Amino acid sequence: MTLNQKDGASLTLASVRQLITQAVDRLENKMDDAISQLQENLNNQTEAIRDMLVVRTPPSSRDLQDPSNMSGKRSRPSTCYRGMASDLANDTSKIDEKYQTVMNYDIDREVMCDTQTDGGGWILIQRRFSHAISFKKPWLSYKTGFGVPPGDFWLGNDALHNLTYKDDYELRVDGNGERSDFYAQYTSFKVDSESEGYRLRLGAHSGTLGESSYDSGLSYHNGLKFSTVDQDNDSSSRHCAQTYDGGWWYGDCYRANLNGQPLKWYLRSSLYYRTLYSVEMKIRRL
Ligand SMILES: [Ca+2]
């Protein structure tokens, strides 16, 4: 059935419906954007007010109750938090006001800590901000880790497994995006052993780096195995690690691509992806 004819082009009911659907999709995307922006502004203001009131999360009760911590000679610092530098003068070195490196005896190597965000205590497991090194690396590189903090780096899948199976950890992702800074936090974070394909196990999500449903953001990757350019463990007919240039817990293929190219975070089912310019992934012992 023809509704209108002009310059030889006919406008059918089907094409009208298609135009309306496309317009609704575009409107949904814009509304989603506007809501995200409002949410960000609100969160930024809340953060600013918290800063003014100097309301900070204190060290966990476990840290306070740790007798070796009280003595000032903590022999096994498996976490890092603001103020520990004076206790561990021989084991720490300050990078700047926010970051320091700390010897972690659980994995026998130095780790980089975020001593300020949400009260500090975060061990960085990944950092991408200078983009000076490629993250398109083979299985062995992701197993042992690569890059040197405070530059871009991946701590290593064996280290992640060893840390998160010894103690309970939470995960935080801090991202710098198109308009603002964002974060996502997960109540628990575990990485299975290499024989299990370094499968990812995540707790519940919160934060401004949104997840509108169970299959968006990093939660989409919960329960998936790790894949690299030389090992395809994803659920896609493609080889996602090769297609998206990184080692990750790819499925079919991603809703968050923090080790790949492009550096993206999927927001909702309308296929809207947020581009991130830089990102940090960090874990804190519970
Ligand atoms: Ca595949």
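Reader: Are Cys240 and Cys253 buried or exposed?
Author: This is a predicted model, so local features need pLDDT of at least 70, side-chain atom pairs count only at pLDDT 80 or more, and totals for chains, interfaces and linings use all residues. Residues are numbered from 1 along each chain as its sequence is written, and side-chain values use heavy atoms, without hydrogens and water. Buried means under 20% relative accessible area, exposed over 50%, and partly exposed in between, with a 1.4 Å probe and protein chains only. By that scale, Cys240 and Cys253 are both buried.

Reader: What joins Cys240 to Cys253?
Author: The sulfur atoms of the two cysteines are 2.0 Å apart. A pair of cysteine sulfur atoms within 2.5 Å counts as a disulfide. The structure holds one such link. What joins Cys240 to Cys253 is a disulfide.

Reader: How many residues apart are Cys240 and Cys253?
Author: Cys240 sits in helix H6, and Cys253 in the loop between H6 and strand S14 (264-268). Helices (H or I, at least four residues) and strands (E, at least two) are DSSP runs, numbered from the N terminus. The pair links distant parts of the chain, with a separation of 13 residues.

Reader: Which residues are the protein donors of the calcium ion?
Author: Donors are N, O and S atoms within 2.8 Å of the metal, or 3.2 Å for Na, K and Ca; water is not among the atoms, so sites may look incomplete. Here the donors lie 2.3 to 2.8 Å from the ion. Their spacing in sequence is D-x1-D-x1-S-x1-R. They are Asp232 (OD), Asp232 (OD), Asp234 (OD), Ser236 (O) and Arg238 (O).

Reader: What is the relative accessibility of Arg238?
Author: Asp234 is buried, at a relative accessible area of 12%. Arg238 counts as partly exposed. Its relative accessibility is 38%.

Reader: What is the angle between the planes of Trp154 and Phe226?
Author: Rings of Phe, Tyr and Trp (its six-membered ring) pair if their centres lie within 6.5 Å; planes under 30 degrees apart count as stacked, over 60 as edge-to-face and the rest as tilted. The whole structure has 11 aromatic pairs. Trp154 and Phe226 form a tilted one, 6.1 Å centre to centre. The angle between the planes is 35°.

Reader: Where is Phe226, the partner of Trp154 in a pair that links distant parts of the chain?
Author: Trp154 is in strand S8 (residues 153-154), 72 residues from Phe226. Both Trp154 and Phe226 are buried. They belong to a cluster linked by ring pairs, which also includes Phe135 and Tyr142. Phe226 lies in the loop between strand S13 (205-207) and helix H6 (240-243).

Reader: Which residue has the charged end of Arg255 over its ring?
Author: A charge sits over a ring if NZ of Lys or CZ of Arg is within 6 Å of the ring centre and within 35 degrees of the ring normal. Arg128 lies over the face of Phe135, at 4.5 Å from the ring centre. Arg255 sits 4.3 Å from the centre of its ring, and that ring is Tyr220.

Reader: What pLDDT does the chain average?
Author: The predictor's confidence in each residue is its pLDDT, from 0 to 100. Residues 53-78 stay under 50. Yet 70% of the residues score at least 70. The chain average is 78.

Key. Contact means heavy atoms within 4.5 Å.
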